Structure formats: structure tokens, C-alpha cells
Amino acid sequence: MHAPDTPRIDIEDVTLLRGSATVLRGLSLSLTEPRIGLIGDNGAGKSSLFRLICGLDAAASGSVSVCGCDVRTARARLPGLVGMMFQAPDDQIVFPTVVEELAFSLSPRKLPRREARERAREFLAARGLENWADRAIESLSQGQRQHVCLLAMLIAAPRVLLLDEPYSSLDLPGQIRLAAELARAEQQILISTHVLEHVRDFERVIWMERGLVRADGPGAQVCADYEADVLRRTADVSALRPHPALQACRA
């Protein structure tokens, strides 16, 4: 039993189309755990599911609700309920400097511009990043831009965070910093990733395949099953030239 104020996502018999292609097929999920991983091959429907949850895509049938609010009819409430970090940070960043980008995330609170900037600087300083405040976005690396996108979501403080491949552009120190930031966050967090080590210890991981749920359960088991399936499907190729990632799976 979850408390009434616990973030919750409900997806009921959803079908999502993109042109003539069916991306999600009759999908039903109730997502209540504080940390949920989403894994699977490219094209499995992971990013599309995230876009559906945050209202960027509309289902052809079925319903999606976040914290009890239908994403189709309660769009004005969505910024306070759910935020999404895209794979490509340049698709998300609007303003030329870090402090302006974070201050913009406070727009729903209707703060005076000066106060929003001050809060953004305080937010950065609390993380030891005060020297980032006036940096131009274009001067940051891809991984640093991705970090800015996460900070913008955290300062906005929606109840649910959707992170689409957040580790893809990060070096090892960046991955460690991001994991620590997420561990501190109070929001419900869903992470779509190919870096299984970052979700292996999650209470729940969902393995998606061709718009359907292939497996849903404890992270250690679902990740192991997915790895075994990948090894089976790539056996002929890996026998010719074993990839380090596949060798690690066998170890």
C-alpha cells in the first residue's frame, strides 16, 4: 500500500502509433517504486514511453495519468508533476548561460527575474558548482550540458523525473556524480539506459521489446535475463570477435 502522496504513474491499455508504425501495443503498467529502470534494445519503445508519460506524444488509445492527473486533459499541471531529460541536451537547453537556464526552470513559480537568478546561483553553490553560473552553455562539454539539463529539472522539482540515456555522454567521474545526484533526489525517477550497472540494484526494472514488456521485476534478475538474451542473439558475431562488454557478461 502506497501513501496517497506517493508519486504514481498509471498506463492503461495504451497503443501509440507513429505514422503507420505501432510503437507501443496495448501497454498497461502501474509505476509506484521510487527508482525504476527501463532497458531493452534500440527501438524497443523506451523513449516513446517517456514521451507519452510527459505528454509529448498522444496515445491512439488507452490512458496515461501521473499522480492521478490525465496527461491529455491536465496539461497545465504537468510541469509540476513530471520532467524529462532528453538524450541530446541541445534539444532541451534554451538559454545561453547556466544560471539563465536554471532560472528559466523556475518560471512556473512566477518569481521576479532577479530572485529566480539568485535561487539558481544558490542551487549551484550548494552543489559546489558556483563557478558554472555564468559559463556559456557552448563552452561546456556534452556531458556537462547533460548535467545542466538534470540540474534544471531538479531545481524545477517536479514529482517525477524521466531520464533518457542520462549516462551516454558521461565519462566515469561524470557517471559517479550523476548517480550521487540521483541518489539524493526525493523524486520518483525512471531511467532508460543501456548501462545496466546503474539500474541493476533497482527494486524494479522493465525490459521492453518491440513495444511490449518482455520482463518486469527485480533489477538484478531482469538485467541478467536481458544480458543472457543479448548473448544468445549475438552468439555468431561474438564468437568471431568477442566484445569486452559481452566478455564481462560471461564473467
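Mentor: Happy to. A disulfide is counted when two cysteine sulfur atoms lie within 2.5 Å of each other. In general, a disulfide is a covalent bond between the sulfur atoms of two cysteines. By that rule, the count here is zero disulfides.

A word on what you are looking at: this is a predicted model, in which local features need pLDDT of at least 70 and side-chain atom pairs count only at pLDDT 80 or more, while totals for chains, interfaces and linings use all residues. Residues are numbered from 1 along each chain as its sequence is written, and side-chain values use heavy atoms, with hydrogens and water left out.

Now to the cysteines. For Cys69, the closest cysteine sulfur belongs to Cys67, and because the distance is 7.1 Å, it is too far for a bond. Cys69 is buried, at a relative accessible area of 7%; buried means under 20%, exposed over 50%, and partly exposed in between, using a 1.4 Å probe and protein chains only. Cys223 is buried too, with a value of 0%. Cys67 sits in the loop between strand 4 (61-66) and strand 5 (69-70). Helices (H or I, at least four residues) and strands (E, at least two) are DSSP runs, numbered from the N terminus. The phi of Cys67 is near 55°, a positive value in a residue other than glycine.

Strands of a sheet pair through backbone hydrogen bonds, either parallel or antiparallel. Here, four strands make an open sheet in the order 2-1-4-5, with antiparallel pairing. Its edges are strand 2 (21-31) and strand 5, each of which pairs on one side only. Two strands are said to pair if DSSP finds at least two bridges between them. Strand 1 and strand 4 are joined by five bridges in the antiparallel sense, and Thr15 stands opposite Ser61 of strand 4.

Let's stop at Asp10, which belongs to strand 1 (residues 9-18). Asp10 counts as buried because its relative accessibility is 17%. Its side chain makes a polar contact of 2.9 Å with that of Arg8. A polar contact is a pair of N or O atoms within 3.5 Å; within protein, one must be able to donate a hydrogen and the other to accept it, and residues adjacent in sequence count only if both atoms are side-chain atoms. Leaving aside residues up to four places away in sequence, Asp10 touches Leu29, Ser30, Ser63, Val64 and Ser65, where contact means heavy atoms within 4.5 Å.

Helix 1 (residues 46-53) lies across strand 1, strand 2 and strand 4, running at about 115° to strand 1. For such angles, axes are lines fitted to C-alpha atoms, for helices over the stretch in contact, and angles run from 0 to 180 degrees between N-to-C directions.

Finally, look at strand 9 (residues 204-209): five of its six residues are buried, so it is largely enclosed by the rest of the structure. Strand 9 pairs in the parallel sense with strand 3 (residues 35-39) over four bridges, with Ile39 opposite Trp207. Strand 9 also pairs with strand 10 (residues 212-217), this time in the antiparallel sense over five bridges; there, Val205 has Gly217 as its bridge partner. Strand 9 and strand 10 form a hairpin with two residues between them, and Arg210 in the turn has a positive phi of about 55°.
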